[in-house]
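Take each task first, then check your steps against the solution.

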Amino acid sequence: MKITLPKAIWLLLVLLPWLSFPAGAEAASEEPPLIALIMETEPWGFYHPATGELQGIWLDIAQELELTSGLSQTKRLAPYARVIEGLANGAADVSYLIRSEDRDAEVTHAGHLFDFGSIVQVRQGIQLKSYDDLQGLRIGVLQSIRLSPRFDQDQQLHKVMVRNYENMLAMLAAGRLDAVSGNSLSLAYLQEQMQMQGLVGDRLVLQVTPVTVQFSQRSQRLVQIPRIQKAVEQLREEGRIDAVLDAWAGKLWRVDPAEVVQ
C-alpha cells in the first residue's frame with residue numbers, strides 16, 4: 001500500500017534543510033573583530049573621567065571605519081611603547097599612528113587618514129615669521145618627541161623639556177615659556193579645553209606629518225587590508241574624517257603644506 005504524506009508535511013520536509021541553512025551560513029561567515037591597540041593620551045584615546053567609557057579621536061574614527069568596512073574592532077588603550085610592541089609582535093592587528101620610516105618593516109599602511117602639522121606656536125605679542133625668529137625663545141618640547149630633522153638637531157635653540165602638553169601650556173600661561181611645540185591637533189584641542197585661544201599667537205609649521213591605519217605584519221588578518229583601504233578612501237572623500245577631527249579640535253589644527261618653513 002502506498003502511503004501518501006499530506007502536501008504540507010512533504011513540502012516542509014523538502015524545505016527544512018534550506019530554511020535552516022542561512023542561519024548556519026551567517027554564523028559561519030561572521031568574522032572575529034580586529035584587535036585595535038590605541039595609544040592612551042587625550043584627545044586621541046582616553047577614559048571619560050565621569051563614566052569611565054572609552055572616547056577620543058581614534059575611537060570615533062575606528063567607529064566610522066567599522067560602519068564603512070563592515071569589520072568590527074576590539075579597541076584597547078595602551079601606552080605608546082606597548083602599542084608599538086603590539087604591532088611588532090602581532091599581539092595587535094591594527095593601530096592608528098603617524099607614519100615613521102623606522103617602523104615600516106613592521107607594519108603595512110592600510111590607508112592615509114589625514115596630515116597634521118608639527119608646529120611651534122608663540123605667546124601673543126611675540127613675532128614668529130621665520131625659523132630664525134626661534135632664536136632666544138624658551139620653547140617647550142615634549143620629551144622624546146620628533147618634530148622635524150632641522151628642529152630636532154638644532155642645538156642652538158633653547159628647548160625646555162616637559163612631560164606633557166598640559167604642563168607645557170600651563171608654563172606658557174604662567175610666562176615661563178615663550179613658545180610651545182608639538183602636533184597641531186593636540187595643541188588646538190588643549191588650548192580650547194584650557195581656554196587659551198587668546199593667549200597664543202603666530203605659529204611656524206616645521207613639517208606636515210601623515211597619519212595612517214597601520215596593520216601589524218604579523219597579523220593573521222592582512223587579507224582585510226583592501227577593505228580597510230577602500231573604507232578610508234570613502235571616509236576621506238565624504239569628509240567624515242575631517243568632521244571627526246574638527247569636532248574635537250575646531251579647524252585651527254589644519255595646516256597647508258605651503259606653510260612649511262623653508
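A residue counts as lining a pocket if it has an atom within 4 Å of one of the pocket's grid points. Keep in mind that this model is predicted.

**Exercise 1.** Find which residues line the second largest pocket, and which element gives the largest share of that lining.

*Solution.* 
Step 1. Begin with the space itself: the volume of the second largest pocket is about 180 Å³.
Step 2. Collect its lining: Leu 113, Phe 114, Asp 115, Val 208, Leu 235, Arg 236, Gly 239, Asp 242, Trp 253, Arg 254, Val 255 and Pro 257.
Step 3. S6 has the largest share, with three residues.
Step 4. Sort the lining by class: seven residues are nonpolar, four are charged and one is polar.

**Exercise 2.** Now describe the largest pocket: what is its volume, and how does its lining divide by class?

*Solution.* 
Step 1. Its volume comes to about 1,300 Å³.
Step 2. The lining has 41 residues, and those closest to the pocket's centre are Tyr 80, Ile 98, Ser 144, Ile 145 and Arg 146.
Step 3. Several elements give two or more residues to this lining, among them strand S5 (94-98), strand S6 (107-123), helix H5 (165-173) and strand S10 (200-216). The largest share, five residues, belongs to S10.
Step 4. By class, the lining divides into 18 nonpolar, 13 polar and ten charged residues.

Conventions:
Residues are numbered from 1 along each chain as its sequence is written. This is a predicted model: local features need pLDDT of at least 70, side-chain atom pairs count only at pLDDT 80 or more; totals for chains, interfaces and linings use all residues. Side-chain values use heavy atoms; hydrogens and water are left out. On a 1 Å grid over the protein atoms alone, a cavity is a set of points where a 1.4 Å probe fits but cannot get out, and a pocket is an open set with protein on both sides within 12 Å along at least five of seven lines; lining residues have an atom within 4 Å of a point. Grid points are joined across faces, edges and corners, and a volume is the space filled by probe spheres set on the points. Helices (H or I, at least four residues) and strands (E, at least two) are DSSP runs, numbered from the N terminus. Ala, Val, Leu, Ile, Met, Phe, Trp, Tyr, Cys and Pro count as nonpolar, Asp, Glu, Lys and Arg as charged, and the others, Gly among them, as polar.
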